[in-house]
Amino acid sequence: MAIVSSLRGIGSRVVNGVWRIGYATRFFLMTLLYSGASFRRFHLTVKEMFSSGVMSLIIILVAGMFVGMVLGLQGYETLKRYGSESALGTLVALSLVRELGPVLAALLFASRAGSAMTAEIGLMKATEQISAMEMMAVNPIARVIAPRFWGGVISLPLLTAMFSSLGVFGGYVVGVVLIGVDEGSFWSQMQAAVDFQHDVLNGVIKSFVFGVAVTVIALFEGYDAPPTAEGVSGATTRTVVQSSLAILILDFILTAFMFRGD
Amino acid sequence: MERTTLDLWVGMFVVAGIGALVVLAMKVGNLSTYNVSDTYQLQAYFSNIGGLKPKASIKSAGVLVGRVTEINLDTERYEARVVMSIDKRYQFPRDTFANILTSGLLGEQYIGLSPGGDSEMLKGGEVIKKTQSAVVLEDLIGKFLYNKAEGSK
């Protein structure tokens, strides 16, 4: 009997998972469908850009600076062995613009802004504000979800650009100012190696995709959370775990498409 | 609907983000040096292009004059056909020599143009006749070892 019940458990988990994926897809499409209001009444979106974008600025800027500084230090240590310290700028800029900028900024954004979104919406549901809106014939997706979605999707690429450029600055501070790599070769080799379309634009596309993934997961987890204190806390945890995994998996897929061996 | 301090913060945020993007494009990337000014196309056939890739630079006397736009295999003569777009400001004589060179020992490969003395200039779409293929390091080492073995007999 133990086998039967464990099989039954697995089956119900699978069915439940597929059910949730379908519900999440419908939720995402509804968000896109009712996005009109968040552009017509743009101050709603601006308010969400403030709470998800501007409020994440400090952690993004400080993290970007330090990641760039660490890259400068470690890159120098390794490149020194091959006598090619002048390629430090290339190493710092390419690794930031292509990978570390989009991924780390999205991970920080998921834990800083995504978890807050889930908790906020979960609590709105727990305190029946969402049902109250439906009572008043206000569509909660259009009024609450869509502005948060677009606020996050617009904010993350901007945050990523700041992360990457501050990281390059951090690498410059460590490499050129502190260690003493030649400034001219630092910048000129970087500019020769970093292509605008191939590297910078692909990084922006990545961060846009991550922004969609993180905000959809965060909003859906909040919207779907059981309306209890425990349910909201569990949903917040799931947001951080799932969006981090989604970022890393999507990053692999996007990288495979964008940079396949040329 | 009036202005709020919130708008100011978000405005500053957006301006800073776009500014960072411009910095990435101009200072970190090559958008400022990549001149999409008027170009004309030249072709050249090589028996071996080594590791030459599209977008590789074309230099004459060390100055960047263009980029490789297309590489394919011509199945009539079984040679690599390389299409280059050259900046309109630079004209080259008809007997210009195109070499595939390597920057540094292990660096990336580029095409070097050494102009000849012809008074007529190459026009768009024309073929550079005189070319020299890439030096493949393995062949060079093989030749060296072979000569060494011959010599020691």
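## Two domains in chain B

Domain bounds here come from an automatic or database domain assignment. On that basis, chain B splits into domain 1 (1-34) and domain 2 (39-141). The C-alpha centres of these two domains of chain B lie 40 Å apart.

A word on how to read the model: it is predicted, so local features need pLDDT of at least 70 and side-chain atom pairs count only at pLDDT 80 or more, while totals for chains, interfaces and linings use all residues. Residues are numbered from 1 along each chain as its sequence is written, and chains are lettered from A and ligands numbered from 1 in the order in which they are written.

## Chain A overall

Chain A contains 10 helices and zero strands; helices (H or I, at least four residues) and strands (E, at least two) are DSSP runs, numbered from the N terminus. Following the sequence of chain A, you will read the pattern α-α-α-α-α-α-α-α-α-α. The C-alpha trace of chain A spans about 65 × 55 × 35 Å along its principal axes.

Of the 262 residues in chain A, 44% are buried. A residue is buried if 20 or more other C-beta atoms, placed from the backbone, lie within 10 Å of its own, exposed if 12 or fewer, and partly exposed in between. If you take the contacts in chain A between residues at least 6 apart in sequence, 87% of them join residues at least 24 apart. Two residues are in contact if their C-beta atoms, placed from the backbone, lie within 7 Å.

## Where the chains meet

On the chain B side, 21 residues are in contact with 26 residues of chain A. Sorted by type, the chain B residues that touch chain A are 15 nonpolar, four polar and two charged. Here Ala, Val, Leu, Ile, Met, Phe, Trp, Tyr, Cys and Pro count as nonpolar, Asp, Glu, Lys and Arg as charged, and the others, Gly among them, as polar.

One helix pair to look at is α7 (residues 140-179) of chain A with α1 (residues 5-28) of chain B: their axes are 8 Å apart and the angle is about 50°. Axes are lines fitted to C-alpha atoms, for helices over the stretch in contact, and angles run from 0 to 180 degrees between N-to-C directions. α7(A) and α1(B) are therefore oblique to each other (under 35 degrees counts as roughly parallel, over 145 as roughly antiparallel, 65 to 115 as roughly perpendicular and the rest as oblique). Their crossing is left-handed, meaning that the near helix is turned anticlockwise from the far one by less than a right angle, with clockwise counting as right-handed. From α7(A), the residues making this contact include L158(A), M162(A), S165(A) and V168(A). On α1(B), they include F13(B), G17(B), L21(B), L24(B) and V28(B). The contact of α7(A) with α1(B) has 13 nonpolar residues, three polar and no charged.

The crossing of α4(A) with α7(A) is right-handed. The residues of this contact are 18 nonpolar, eight polar and no charged.

V232(A) sits in helix α10 (residues 229-258) of chain A. Because 23 C-beta neighbours fall inside 10 Å, V232(A) counts as buried. Leaving aside neighbours within four places in sequence, V232(A) is in contact with A119(A), G122(A), L123(A), A126(A) and A225(A). The C-alpha atoms of V232(A) and I121(A) are separated by 8.9 Å, although these residues are 111 apart along the chain.

S84(A) lies in the loop between α4 and α5 of chain A and is partly exposed, with 16 other C-beta atoms within 10 Å. The C-alpha atoms of S84(A) and V240(A), 156 residues apart along the chain, are separated by 40 Å.

E128(A), in the loop between α5 and α6 (129-135) of chain A, has a positive phi near 60° without being a glycine. E128(A) is exposed, with 12 other C-beta atoms within 10 Å. Y78(B), in the loop between β3 (63-74) and β4 (79-87) of chain B, is not a glycine but has a positive phi of about 50°. With 9 other C-beta atoms within 10 Å, Y78(B) is exposed.
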